[in-house]
Amino acid sequence: MKNKFKILTLITVVKNDKKNIRKTIKSIITKKSKFIEYIVIDGKSTDGTAQIVKEYRNNINKIISEKDNGIYDAMNKGIRKARGEYVGFCNSGDFFHKNGIKTIIDKLRVKKLDVLFATIKRNYMGASVIKSGFNLKRLKYNFDFATSHSTGFFYKRKIHNKIGYYSKDFKCSADYDFYIRLFKIKNLKIGKTNKNNIIGEVKEGGFSSKLTFLEHLNEETKIRLKNKQSLVLILLIYINSIIKNFKKVLIQLYN
């Protein structure tokens, strides 16, 4: 497909997920407009995922299928191939609702934002929660300060020229590191969609769910140290997290 200027590049990262990839792709290409560029980054899947992606090659602008060094390496590949003014991710298993993409495009075109958080539904172990808006005051001490990186987060691609890409030093929380670096930029124009307008859903599970609570906490602590947060604050956050999740920590330590 021809590479023309687009408002938004949507990127799907996938590896060995033939069960879910079709749903994700169809939720994008059936609502895709002239303002959208779509890229799929496949980590050299061996379960038939790559073959499913190829079925839709006439509706996907770029497909890359090769080995990578983890999800953030794959995401960076997608960003480097992107030509849209904005970028956003909808990874395998996640999907957009009927008017979700139109809502995003309309918001970006009219408001001329730097960053947009959109309302999404996140699924957790059979339950779900609506995530809407953002609270930057929570960013220092809580990863869960906004909607979601996947499916609900869109930003100007040129921001990477200022703060770099997603760090491959972290297994599951490089998006948190990216958020911290992003919101150090002064005078960002940040927007959000209507709370009652759910643009898509994020499936439960994913790579991060395979790691223990302590692995998550330790990685987030390293990110705070890297970004030179107060040592006292970091220590308080760590201790508080251990206390609040003491039973979970004990179970994971002795299993």
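Trainee: Why is Met75 called buried?

Mentor: Buried means under 20% relative accessible area. In this predicted model, Met75 has a relative accessible area of 2%, so Met75 counts as buried.

Trainee: Where is Met75 found, and what does Met75 touch?

Mentor: Met75 is in helix α3. Leaving out residues up to four places away in sequence, Met75 touches Val13, Phe89, His149 and Tyr166. Take Val13: 62 residues separate it from Met75 in sequence. In space, the C-alpha atoms of Met75 and Val13 are 6.6 Å apart.

Trainee: What makes helix α3 largely enclosed by the rest of the structure?

Mentor: Helix α3 covers residues 71–81. Of its 11 residues, 8 are buried, so α3 is largely enclosed. The buried ones are Tyr72, Asp73, Ala74, Met75, Asn76, Lys77, Gly78 and Ile79.

Trainee: What covers the buried residues of α3?

Mentor: The cover includes strands β1 (6–14), β2 (36–42), β4 (84–89) and β9 (153–156). Helices α5 (159–163) and α6 are also part of the cover.

Trainee: Let's turn to α6. Why are α6 and α7 called roughly parallel?

Mentor: Start with the angle. The axes of α6 (residues 174–182) and α7 (residues 213–226) cross at roughly 25°. Angles under 35 degrees count as roughly parallel. So α6 is roughly parallel to α7. The two axes come within 9 Å, and the crossing is right-handed.

Trainee: Which residues make the contact of α6 with α7?

Mentor: From α6 come Ala174, Tyr176, Asp177, Ile180 and Arg181. From α7 come Glu219, Glu220, Ile223, Arg224 and Lys226. By class, that contact has 4 nonpolar, no polar and 6 charged residues.

Trainee: What makes α7 and α8 roughly antiparallel?

Mentor: The angle again. The axes of α7 and α8 (residues 231–244) cross at roughly 170°. Angles over 145 degrees count as roughly antiparallel. Therefore α7 is roughly antiparallel to α8. Their axes come within 10 Å.

Trainee: Which residues of α7 and α8 meet?

Mentor: On α7, the residues are Phe213, Leu214, Leu217, Asn218, Thr221, Arg224 and Leu225. On α8, they are Leu231, Ile234, Ile237, Tyr238, Ser241 and Ile242. The contact of α7 with α8 divides into 9 nonpolar, 3 polar and 1 charged residues.

Trainee: Now the loop between β8 and β9. How do you know that Gly152 is buried?

Mentor: Gly152 sits in the loop between β8 (127–131) and β9. The cut-off for buried is under 20%. Gly152 has a relative accessible area of 0%, so it is buried.

Trainee: What is Gly152 in contact with?

Mentor: Setting aside neighbours within four places in sequence, Gly152 contacts Leu116, Phe117, Ala118, Ile120 and Thr147. Phe246 is 94 residues from Gly152 along the chain, and their C-alpha atoms are separated by 31 Å.

Trainee: Is Thr147 buried or exposed?

Mentor: Thr147 is buried, because its relative accessible area is 1% and the cut-off is under 20%. Thr147 is also in the loop between β8 and β9.

Trainee: What does Thr147 touch?

Mentor: Residues up to four places away in sequence are not counted. Thr147 then touches Phe117, Ala118, Thr119, Ile120, Arg122, Lys131, Ser132, Gly133 and Gly152. Phe35 lies 112 residues from Thr147 in sequence and 23 Å away in space, C-alpha to C-alpha.

Trainee: What is phi of Thr151?

Mentor: Phi of Thr151 is near 80°, a positive value in a residue other than glycine. Thr151 lies in the loop between β8 and β9. At 0% relative accessibility, Thr151 counts as buried.

Trainee: Why is Lys44 called partly exposed?

Mentor: Partly exposed lies between the other two classes: buried is under 20% and exposed is over 50%. Lys44 has 45% relative accessibility, so Lys44 is partly exposed. The place of Lys44 is the loop between β2 and α2 (49–55). Phi of Lys44 is near 60°, a positive value in a residue other than glycine.

Trainee: Why are Cys90 and Cys172 called buried?

Mentor: Cys90 has a relative accessible area of 0%, so Cys90 is buried. Cys172 is at 7%, so Cys172 counts as buried.

Trainee: How many disulfides does a search of the whole structure find?

Mentor: The search finds 0 disulfides. To count, a pair of cysteine sulfur atoms must be within 2.5 Å.

Key. Residues are numbered from 1 along each chain as its sequence is written. This is a predicted model: local features need pLDDT of at least 70, side-chain atom pairs count only at pLDDT 80 or more; totals for chains, interfaces and linings use all residues. Side-chain values use heavy atoms; hydrogens and water are left out. Axes are lines fitted to C-alpha atoms, for helices over the stretch in contact, and angles run from 0 to 180 degrees between N-to-C directions. Helices (H or I, at least four residues) and strands (E, at least two) are DSSP runs, numbered from the N terminus. Angles under 35 degrees count as roughly parallel, over 145 as roughly antiparallel, 65 to 115 as roughly perpendicular and the rest as oblique. A crossing is left-handed if the near helix is turned anticlockwise from the far one by less than a right angle, and right-handed if clockwise. Contact means heavy atoms within 4.5 Å. Ala, Val, Leu, Ile, Met, Phe, Trp, Tyr, Cys and Pro count as nonpolar, Asp, Glu, Lys and Arg as charged, and the others, Gly among them, as polar. Buried means under 20% relative accessible area, exposed over 50%, partly exposed in between (1.4 Å probe, protein chains only).
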